[in-house]
Amino acid sequence: DQQVKQNSPSLSVQEGRISILNCDYTNSMFDYFLWYKKYPAEGPTFLISISSIKDKNEDGRFTVFLNKSAKHLSLHIVPSQPGDSAVYFCAASLGEGNKLVFGAGTILRVKS
Amino acid sequence: KAGVTQTPRYLIKTRGQQVTLSCSPISGHRSVSWYQQTPGQGLQFLFEYFSETQRNKGNFPGRFSGRQFSNSRSEMNVSTLELGDSALYLCASSIPNAPDGTSTDTQYFGPGTRLTVL
């Protein structure tokens, strides 16, 4: 049972444009959501997070939007840069024991 | 501040052997979680330790075990290795918020240990 889904395996975007990565979840008890970026042979790097009591959180070029009624969150990267090319994971937490449930990841390619 | 460190970075074992992986959390972080990443199953939660106690466990067989020391360093052990145990094993640390350790704080990951079982 996949509780966190990233339905787009890959996304290709032109440098300078907006990248939008999407994530859906099924468990309404999730109360904290995170986005991680991962390069091959490295551990995930934390990007940005959002609590379920908010609908938007912004940090520089990264903005995460949460739509609780739709059980959907998205990560916007503006403007996209070639260095943003990586695998992006969406993760959700129930807030107990720090267990994170991850999506399958989306490969982002930013073309220069 | 130094990040999460994991040793060794790479490991090759044969079926039936056992292996121990080590994780040192970020200084001051008291919670350590372990994850397994495979191409087929993605990132899956193994277990989480706080104050030397396992608080949460994922859906893995008993061959997978772990422990945490008083300095928050953690080890995980896999016994009777199988080919399917080949994976990247990731450790993550965080600072729990509440006095009882429950938290939604961000987890910071180490570089992982790449285990290959032949």
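Trainee: How many residues of E9(B) are buried?
Mentor: Happy to start there. Buried means under 20% relative accessible area (1.4 Å probe, protein chains only), with exposed over 50% and partly exposed in between. Strands are DSSP runs of at least two residues, numbered from the N terminus. Ala87(B), Tyr89(B), Cys91(B) and Ser93(B) point one way, Leu88(B), Leu90(B), Ala92(B) and Ser94(B) the other way, and all are buried. E9(B) is thus mostly covered, the buried count being eight of its eight residues.

Trainee: Before we go on, what kind of model is this?
Mentor: Residues are numbered from 1 along each chain as its sequence is written, chains are lettered from A and ligands numbered from 1 in the order written, and side-chain values use heavy atoms, without hydrogens and water. Local features need pLDDT of at least 70, side-chain atom pairs count only at pLDDT 80 or more, and totals for chains, interfaces and linings use all residues, for the model is predicted.

Trainee: Which residue stands opposite Cys91(B)?
Mentor: Look at the pairing of E9(B) with E4(B), which run antiparallel and are joined by seven bridges. Two strands pair if DSSP finds at least two bridges between them. In this pairing, the residue opposite Cys91(B) is Trp34(B).

Trainee: And in E10(B), what is the bridge partner of Ala92(B)?
Mentor: E9(B) and E10(B) run antiparallel, with two bridges joining them. The partner of Ala92(B) there is Phe109(B).

Trainee: Which strand supplies the largest share of the side of chain B that touches chain A?
Mentor: In all, 23 residues of chain B are in contact (heavy atoms within 4.5 Å) with 19 residues of chain A. E4 (31-38), E5 (42-50), E6 (53-57), E9 (87-94) and E10 (108-109) of chain B each supply at least two residues of that side. The largest share, four residues, comes from E4(B).

Trainee: Over in chain A, is Cys23(A) buried or exposed?
Mentor: Cys23(A) lies in strand E3 (residues 19-25) of chain A. Beyond its neighbours within four places in sequence, Cys23(A) is in contact with residues including Trp35(A), Leu73(A) and Cys90(A). Because its relative accessibility is 0%, Cys23(A) counts as buried.

Trainee: What is the relative accessible area of Ser74(A)?
Mentor: Ser74(A) sits in strand E8 (residues 72-77) of chain A. Leaving aside neighbours within four places in sequence, its contacts include Ile20(A), Trp35(A) and Phe65(A). Ser74(A) is buried, and its relative accessible area is 7%.
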